[in-house]
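Please open the structure in your viewer and keep the selection panel at hand.

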Amino acid sequence: MKEVSLEGFGKFRSIVEEELAYRVFERSLRLLGGPRKIVLYQRLTWVSSLLEAALVLVLHRVFGRTAEEIAEELGISVQTARNILRADPEKALQYLEERRKEEEDVETKGVHIAGGLAKRAFEEIEARGW
């Protein structure tokens, strides 16, 4: 996706960024199976991680910000931003599938689950044209 120019948006710039992040966040929640599944999986901490990942992806892939710029703007570590940007959607979905089967032995080391889910959601929304 090409970078979006927000010149002329002025004070509305952050509103546009956040609206796109909300769309990615909502789709991420649906990929998890919705609020009830999140509660059943006892993964309420994922909600804030999903929102963070959604915003990181939007700022990077739509608005062209670097991991360093995103980290400074959001008050997160550069490594966290990089982990989200490198997250593998397939591994995140594999983890969820295994979790649904109650098989806890799935390898999650090095897998940023929220980042992978947000990335998959971003790609689905981007393919539909926002």
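In what follows, a residue is called buried if its relative accessible area is under 20%. The model on display is predicted.

**The whole chain**

Of the 130 residues, 40% are buried. The accessible surface amounts to about 7800 Å², and carbon and sulfur atoms account for 49% of that surface. For contacts between residues at least 6 apart in sequence, 71% link residues at least 24 apart.

In soluble globular proteins, nonpolar side chains tend to be buried together. Select next Val-24, Leu-32, Leu-50, Val-58, Ile-113 and Leu-117: these have the most contacts inside the largest nonpolar core, a set of 37 residues. At least two residues of this core come from each of α1 (13-32), α3, α4, α5, α6 (89-100) and α7. Which helix gives the most to this core? It is α3, with 10 residues.

**Helix α7**

Now select residues 113-128, which form helix α7. Its 16 residues reach 23 Å from the first C-alpha to the last, close to the 22 Å expected at 1.5 Å a residue. Colour the buried residues of α7: Ile-113, Ala-114, Gly-115, Gly-116, Leu-117, Ala-118, Lys-119, Arg-120, Ala-121, Phe-122 and Ile-125. Just after the helix, Gly-129 adopts a positive phi of about 85°.

Stay in α7 and show the side chain of Arg-120. Is Arg-120 buried or exposed? Its relative accessibility is 19%, and because the cut-off for burial is under 20%, Arg-120 counts as buried. Beyond its neighbours within four places in sequence, Arg-120 is in contact with Leu-31, Pro-89, Glu-90 and Leu-93.

**Ser-28 in α1**

Move to Ser-28, which is located in helix α1. Ser-28 is buried, with a relative accessible area of 0%.

Select residues 67-74, helix α4, and display Ala-67, Ile-70 and Ala-71, which are buried. These residues lie on the same side of α4, because they cover an arc of only 100° around the axis. The cover over the buried residues of α4 includes α3 (45-62) and α5 (78-86). Following α4 is Gly-75, with a positive phi near 75°.

Finally, select His-60 in helix α3. With a relative accessibility of 32%, His-60 counts as partly exposed. His-60 and Ile-70 are 10 residues apart in sequence, and their C-alpha atoms are 7.6 Å apart in space. Which residues does His-60 touch, not counting those up to four places away in sequence? They are Arg-65, Thr-66, Ile-70 and Leu-85.

Definitions and conventions: Residues numbered from 1 in each chain as written. Predicted model: local features only at pLDDT ≥ 70, side-chain atom pairs only at ≥ 80, totals over all residues. Heavy atoms only, no water. Helix = DSSP H or I, 4+ residues; strand = E, 2+ residues; numbered from the N terminus. Expected span 1.5 Å × (residues − 1). Buried < 20%, exposed > 50% of the residue type's maximum accessible area, 1.4 Å probe, protein only. Arc of directions from axis to C-beta. Contact = heavy atoms within 4.5 Å. Areas by Shrake-Rupley, 256 points an atom, 1.4 Å probe, with all protein chains shown as cover. Core = buried A, V, L, I, M, F, W, Y, C linked by side-chain atoms within 4.5 Å.
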